[in-house]
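Work through the two exercises below. Try each task before you read its solution.

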Amino acid sequence: MRLFSKFAFFLLLSLAALSTRSLRAQGNYEIQVYGADTEASKSTMVELHSNFTSDGQKQVIDRVYPTNHQQHETLEITQGINSWSEVGFYVFTSLQDGHGWQWVGDHIRPRVRVPDSWHWPVGVSLSSEIGYQRAVYSPDTWTWEIRPIVDKAVGRWYFAVNPALERTLHGPDVKQGIGFAPGVKVGYDFNKVVSGGVEYYADYGSITAIAPLHDQQQQIFLVTDLNVSPKWEINMGVGIGPTAATDHWIIKGILGRHFSWVKQSVTD
Amino acid sequence: MLTRRSLLKLGSMAAASAALPKPAHSVGPADYTLYIAPFTLDIAPKHAIKTVAYNQQVPGPLLRFKEGQPVTVDVANRTENEEIVHWHGLFLPPDVDGAMEEGTPMIPAGGKAGYTFTPSPAGFRWYHTHTFAGTDLKKAQYTGQHGFLMIDPRENPARYDQEFFLALHDWDGEMTGSADGSMNPAYKFATINGRVLGFGEPLRVKQGQHVLLHILNSSPTEQHWLALAGHQFKVIALDGNPVPNPKAVSMLRLAPAERVCAIVEMNHPGVWILGEVRKHIQAAGMGIVVEYAASTGKPAWQQPDGLSWDYGQFGSTTPSASLSGNIIDIPLVFESRFAGHGAPDHWMINGKSYPNTETIPLTRGQRYRLIFKNPTSDDHPVHLHRHSFEIRKLPKNPDSRGIIKDVVLVESKTEVEVEFTADNPGLTLFHCHQQNHMDEGFMMLFRYA
């Protein structure tokens, strides 16, 4: 019950703190629908997110660099705290003709999950991500995201929903409300190694005043996950953005590896 | 497709439609009565498990039968599900062996049955439920439906001062994703005789005693490794059958359904832990205190560095005597079929899952060699009903002899060979004793021609 109270407190505190937010500039630094699992204690996950915008915004808007042909390389390091929590840290970078390889910003993301011992029928976790990005890459420089995560594997099918809520802490959108940016994934195991699926990402703008479709960001990715080893995570995909406010074509890849800091013996 | 679950339903319908139990079931007064009923088991001071048990205890009552002396056990099923009791390790007719697949009637919910049989062979056996659980880890062998069964020989040559019966079990399981990519049970608690370490009564011994331990692994799915700090086990029997070469070892490995009988010479006074060698399982509760008379203090544990076990060390050391007559080989290849990261694997023998597995004919009196080939990433404790077999080939021992068992663990990526003589006519079930594997098709039948 103590753990449940902490979980509820974390959720309520986060929701209460979110107050204002509007549609923000498109990030595309970390394109991933989270699963509910957290990193095991005494182990670290190192991931590289590589995203290339092959057809994106070609103009400088509000002094923000165009996204077209930007290559985003994001290093994500996640440390497991215990059996139900972790902390992630991001380093966002961007490569682009004329600008070179630039540091974009950093985020930190603590996350808690419902422990297995609660025997919930679905996996549930909650992350809180806060961080800074340079104004030439995002006019909103400080942002905060609360991301509930629900997932479930049923036979060969996998479902995950991330109905994320976002708020700008510093930038032009600071007074424009809480934003709603859901992510959804449906996957199918073709065999033990290869899974395929669809990932959907959106930013509908303020939760109290949903933006017109024209201004919404929506992306649909066809992805594959390669389950080559419990130590490795491999995800690749290509996405299309059908609305005017969305980059039109993006290619993404995630390569991750778990490192355990405990020497496991057969008697452990 | 006909599944094991649907077959169980058909079996229960057949049982319910039968006016009377089959002739092997006695109508006379019972020697023993078991009743199956919901039970709350206090495994720890602040934790209880709601389960199903025999006679409101876990393990169920110790049943002691005389070899060759007919016995009747009445069983009342006071649950909402059909049940059946399997008399594991006995040479029984199929209609009382306790496997629906062989023809033993299921006991309807709220119903009764009487099992009359002549116990044989002598040795440490056990009884347990033999039903389907699927993904419901509160059913079948995941419950407390297991008990010790001792078939005393007409003359008992064993020399010991005191004996204890110990059952290893895992509780509160949940299907979780595992490293092999499919779903497998993971457990929160592990107990000996239904109690976590430190909660149950200690085994009270005296210096100089020879204590005989009868240890059963009644876990639905897990292997267990046991050590007794400061002592050694002299293994005298496996699955209740005396071994040709009794030998002292520092630890025991028991796969699901296996039994070990071992003598411990109490020569190291103190208060000790008899427990699981792997730390996380001992931490989940699998252990029991061994307390010498006049000794006090905190129970001591000496952590072994590794895991060690080899059936072959208990085999005969004399040259092999060639058996007369030919032996017929029956290769059995174990395979899995991936069913998704959100489902357990399906299991197959020679490419087919039960009930579509081939029913292999046997000829009475013929000796057979079962060649188990396990290319999968899981170990399999396979069990042959109503017969015993001799282990003849192990990964580290190509000429094993004299070890008689009814369960053998075929480790991942290995081959094991056993021989048996077809001397007990009737349908004979063969299966992996891991509940999740048998539920997912790892079963087949032999029939006598």
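**Exercise 1: Domains of chain B**

Solution. 
- Step 1. The C-alpha centres of domain 1 of chain B and domain 3 of chain B are 23 Å apart. Keep in mind that this is a predicted model.
- Step 2. Locate the domains. In the assignment for chain B, domain 1 covers 4-152, domain 2 covers 162-309 and domain 3 covers 327-448.
- Step 3. Look for contacts, with C-beta atoms within 7 Å as the cut-off. Domain 1 of chain B brings 18 residues, which are in contact with 14 residues of domain 3 of chain B.
- Step 4. Find the helices on the domain 1 side. Helix H1 (4-17) and helix H2 (94-97) of chain B each supply at least two residues of the side that touches domain 3 of chain B.
- Step 5. Sort that side of domain 1 of chain B by residue class. It has 10 nonpolar, four polar and four charged residues.

**Exercise 2: Strands of chain A**

Task: In which sense do strands E12 and E13 of chain A pair, and over how many bridges? Then follow E13(A) to E14(A).

Solution. 
- Step 1. Take strand E12 (residues 217-226) and strand E13 (residues 232-240) of chain A. They pair in the antiparallel sense over seven bridges.
- Step 2. Check the link. A hairpin of five residues joins E12(A) to E13(A).
- Step 3. Pick one pair. A:Asp225 stands opposite A:Asn235 in E13(A).
- Step 4. Move on to strand E14 (residues 249-260) of chain A. E13(A) and E14(A) run antiparallel, joined by nine bridges.
- Step 5. A:Ile240 has A:Trp249 in E14(A) as its bridge partner.

How values were computed. Residues numbered from 1 in each chain as written. Chains lettered and ligands numbered in written order. Predicted model: local features only at pLDDT ≥ 70, side-chain atom pairs only at ≥ 80, totals over all residues. Domains from an automatic or database assignment. Contact = placed C-beta atoms within 7 Å. Helix = DSSP H or I, 4+ residues; strand = E, 2+ residues; numbered from the N terminus. Nonpolar A, V, L, I, M, F, W, Y, C, P; charged D, E, K, R; others polar. Pairing = 2+ DSSP bridges.
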